[in-house]
Amino acid sequence: MSELAPYAVSEANTRGRRVAEAPPLARGEFQRDRDRIVHCTAFRRLEYKTQVFVNHEGDLFRTRLTHSIEVAQITRSIARALRLNEDLAEAVALSHDLGHTPFGHAGQEALNGCMKDFGGFEHNLQSLRTVDLLEESYADFNGLNLLHETREGILKHCSPKNAELLGDIGRRFLEGRQPSLEAQLANLADEIAYNNHDVDDGLRSGLISLEQLDAVPIFARNRRTVEAAYPGLAGRRLIHETIRRMINMMAVDLIEQTRHNIQAADVTSLEDVRSAPRLVAYSTDLLPELRILKGFLRDNLYHHYQVLRMTDKARRIIQDLFGAFMNDPRLLPPQYQQMARNDKPRAIADYIAGMTDRYAMKEHRRLFAVGEIY
């Protein structure tokens, strides 16, 4: 790792852990955070949680786990170029979806609807709740006892009402201050990953076509570059060569614009970062093309009738499970029955959010299919 920039997070300026621990012997504190995330139960469950396509629809589509790994790779590469704390940036990237529901955004929307009278549901808050409370691996504390900067990076946005309940980790939302550059970076690396890889998965599925993507300037331009360099190239090689150039274009643009922003804001310390406007950003030249790409994916992939059919099923599964457990919490596993004595809706949301796609479908059959045996 290159020498950190003066405005990067380091072990010298971290706000530390909620429960004090002896320092690690053969690794850094932020490496410890990353390692705890990789070894936790919620991280393993991401293997069977939807990105766009539900797990059983195909072996080669992205899952929340492969997406998180891809986000971490992009994050770490850009962090190195900007001389930021790579271990912190990677830890935030790997943990950003730990609290995501089964069935992707459809699952989150359904669970949020079920919880509308009980504080709502948002997967960033649930990811923080997972690392702060729900993971059960250590004798001395609940959760993973991560460093403050890792925890704040997980929480990308938060309402004032929720921020007031979160103490030190929510204060920046009330004071209008920014998280670290590492956290800002992980947020946009997430966007780089899903925009490009959803194109890849959409093409692989056959729900979108190369011909349709001619209307997306950033894809069409990079495709022409590939075809000029490799006449006759087609199929998966053409797609991969195009998408990797798109990822590189976005990453390089982000690096250059962020460097410019840091210099223009005269940022020389972590405190400067927290006081400045958002510094990690794309250029104004690239933003219109990214909006076109996102709009294309929304209209042609996320709202494709075949995707909507599955997401409609997913919503009904989540709603049915929530309703059954609210009606009779004795149907919950013993651990969650205990939690439900204090806050029944939140305990049910914790249980459902922790499910994988296939576990949620199986649990639904157990509760509603007459011939299903537990």
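Ring pairs join F325, Y336, Y351 and Y359 into a cluster. The model is predicted, and a search of the whole structure returns four aromatic pairs.

**Aromatic pairs**
- Y351 and Y359 form an edge-to-face pair, because their ring centres are 6.4 Å apart and their planes stand at 80°, where over 60 degrees is required for that class.
- Y351 has a relative accessibility of 6% and therefore counts as buried, the cut-off being under 20%.
- Y359, the partner of Y351 in this pair, has a relative accessible area of 28% and is partly exposed.

**Arginines over tyrosine rings**
- The charged end of R358 is positioned over the ring of Y48, 3.8 Å from the ring centre.
- R36 lies over the face of Y138, and here the distance to the ring centre is 4.8 Å.

**Contact of helices α11 and α14**
- Helix α11 spans residues 217-229 and helix α14 spans residues 287-302; their axes come within 8 Å and cross at roughly 100°.
- Helix α11 is therefore roughly perpendicular to α14, since angles of 65 to 115 degrees fall in that class.
- On the α11 side the contact involves P217, I218 and R221, and on the α14 side E289, L290, I292 and L293.
- By residue class, the contact of α11 with α14 comprises five nonpolar residues, two charged residues and no polar ones.

Definitions and conventions
Residues numbered from 1 in each chain as written. Predicted model: local features only at pLDDT ≥ 70, side-chain atom pairs only at ≥ 80, totals over all residues. Heavy atoms only, no water. Phe/Tyr/Trp six-rings, centres within 6.5 Å; stacked < 30°, edge-to-face > 60°. Buried < 20%, exposed > 50% of the residue type's maximum accessible area, 1.4 Å probe, protein only. Lys NZ or Arg CZ within 6 Å of the ring centre and 35° of its normal. Axes fitted to C-alpha atoms, helices over the stretch in contact; angles between N-to-C directions. Helix = DSSP H or I, 4+ residues; strand = E, 2+ residues; numbered from the N terminus. Parallel < 35°, antiparallel > 145°, perpendicular 65-115°, else oblique. Contact = heavy atoms within 4.5 Å. Nonpolar A, V, L, I, M, F, W, Y, C, P; charged D, E, K, R; others polar.
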